[in-house]
Amino acid sequence: MKIDGVFAGGGVKAFSFIGAYQIIEEQGYEFERLGGTSAGSIIAALIKAGYKSHEIYNLLDKLNVEEFKDERISFLPFSLAKWVHLYFKLGLFKGDKLEEWLRDVLKAKGISTFGDLPKNSLRIVASDLSRGRMIVLPDDLEQYGAIPEKFSVARAVRMSCSIPYFFEPVKLYHRSGFGKYSYVVDGGILSNFPMWLFRDGKVKAYQRPVIGFQLTPQLKEVPSRRIKNAVVMFKALFETMSSAHDVRYIEKEHAKNIVFIPILDVKSTDFSLSEEMKEKLVTIGREETKHFLKNWS
């Protein structure tokens, strides 16, 4: 049975998506179209490129994520250099290594640009800070004077994964004017779980069944935040901005087509996951998806 799939952002917690994908394969489902934000966009792109669940696990298991922390060379003292780069470059790390890795693994399956994929089969969410809007790639690229079919899939995913202040924003140039460009960052700022990606707005329906994969407990189980100081409030503010739109949408849709994967004890940026924790995340993804499919229709 062919279905569409949407994967939420969640950093290294996305290992649980591998377990979810294992069950999708075992139950005989096949993804026709895929979409995602941040880490979810990586999983979506790899699946659409033709990678099976065991191949994705091997790719991520062998990956040394620490290599993605590609700092700029500087003659300044280390601590000072980090603040200078953060101030002028808007991020601690360049993000080039992440894009290079994505480009290589996608190219291994014959995928370089969106033109190498079936039309409308992959959609990725990012945030344009300069223009103050959410963008869906490759759909919205024409607004920037770019040709969607010739745009790099790896660059689009890297845009969606550009965690603010961690990775430098990607500059998306406007070919319509000299020197004009937008700063594009993590799609999770505006929609960390774009379950709406494949909904036909004209008829307010889906072309085929859609399953969403969300790295959070069900809404009634989400713990409330206790605001104790300004730092905690800023963190709560950021998390609320990235989730409020999606939560409202999930409530409206009654969450009947979403696999909720409850992961509370792993940080999104914990790049030094143990083998035991990776296996645990995969197992959680498997169990929750298996339980979901038993009752889904």
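**Reading a predicted model by its cut-offs**

Trainee: Why is S38 called buried?

Mentor: S38 has a relative accessibility of 9%. Buried means under 20%. So S38 counts as buried. Keep in mind that this is a predicted model.

Trainee: Where does S38 lie, and what does S38 touch?

Mentor: S38 lies in the loop between β2 and α2. Leaving out residues up to four places away in sequence, S38 touches G9, S160, C161 and D186.

Trainee: What makes the phi of S38 worth a remark?

Mentor: Most residues other than glycine have a negative phi. S38 is not a glycine, yet its phi is positive, about 55 degrees. N120 is another non-glycine with a positive phi, about 65 degrees.

Trainee: Is N120 buried, exposed or partly exposed, and how do you know?

Mentor: The relative accessible area of N120 is 38%. Buried is under 20%, exposed is over 50%, and partly exposed is in between. So N120 is partly exposed. N120 sits in the loop between α5 and β4.

Trainee: What makes K97 count as it does?

Mentor: K97 has 40% relative accessibility, so K97 counts as partly exposed. K97 belongs to helix α5, residues 96-107. The C-alpha atoms of K97 and R158 are 9.8 Å apart, and the two residues are 61 apart in sequence.

Trainee: Now α2. How do you know that α2 is mostly covered?

Mentor: Count its buried residues. Eleven of the eleven residues of α2 are buried. Among them are A39, I43, L46 and K48.

Trainee: What follows α2?

Mentor: G50 does, with a positive phi near 115 degrees.

Trainee: Why are α1 and α3 called roughly antiparallel?

Mentor: Two packed helices are described by the angle between their axes and the distance between the axes. The axes of α1 (residues 15-26) and α3 (residues 53-62) cross at roughly 165 degrees and come within 9 Å. Angles over 145 degrees count as roughly antiparallel. Therefore α1 and α3 are roughly antiparallel to each other. Their crossing is left-handed.

Trainee: Which residues make the contact between α1 and α3?

Mentor: From α1 come F15, I18, Y21, Q22 and E25. From α3 come S53, I56, Y57, L60 and D61. They divide into six nonpolar, two polar and two charged residues.

Trainee: What makes α3 and α8 roughly antiparallel?

Mentor: The same test applies. α3 and α8 (residues 275-295) pack at about 150 degrees, with axes 12 Å apart. The cut-off is over 145 degrees. That makes α3 roughly antiparallel to α8. The crossing of α3 and α8 is right-handed.

Trainee: Which residues make the contact between α3 and α8?

Mentor: Y57, L60 and D61 of α3 meet E275, K278, E279 and V282 of α8. Of these, three are nonpolar, none is polar and four are charged.

Trainee: On to the rings. Why is the pair of F7 and F31 called edge-to-face?

Mentor: The planes of F7 and F31 stand at 70 degrees, with 6.0 Å from centre to centre. Rings pair if their centres lie within 6.5 Å, and planes over 60 degrees apart count as edge-to-face. Both values pass, so F7 and F31 form an edge-to-face pair.

Trainee: What does the pair of F7 and F31 tie together?

Mentor: F7 lies in β1 (residues 2-7) and F31 in β2 (residues 30-37), so the pair ties together parts that are 24 residues apart in sequence.

Trainee: Which residues do ring pairs link into a cluster?

Mentor: F7, F17, Y21, F31 and F213. Ten aromatic pairs turn up in a search of the whole structure.

Trainee: What about the bond between L137 and P138?

Mentor: That peptide bond is cis, with omega about 10 degrees. Most peptide bonds are trans. P138 lies in the loop between β5 and α6.

Trainee: And the chain as a whole: how many helices and strands are there?

Mentor: Eight helices and twelve strands. Of the 297 residues, 49% are buried. Among contacts between residues at least 6 apart in sequence, 75% join residues at least 24 apart.

How values were computed: Residues numbered from 1 in each chain as written. Predicted model: local features only at pLDDT ≥ 70, side-chain atom pairs only at ≥ 80, totals over all residues. Heavy atoms only, no water. Axes fitted to C-alpha atoms, helices over the stretch in contact; angles between N-to-C directions. Helix = DSSP H or I, 4+ residues; strand = E, 2+ residues; numbered from the N terminus. Parallel < 35°, antiparallel > 145°, perpendicular 65-115°, else oblique. Left-handed = near helix turned anticlockwise from the far one by under 90°. Contact = heavy atoms within 4.5 Å. Nonpolar A, V, L, I, M, F, W, Y, C, P; charged D, E, K, R; others polar. Phe/Tyr/Trp six-rings, centres within 6.5 Å; stacked < 30°, edge-to-face > 60°. Buried < 20%, exposed > 50% of the residue type's maximum accessible area, 1.4 Å probe, protein only.
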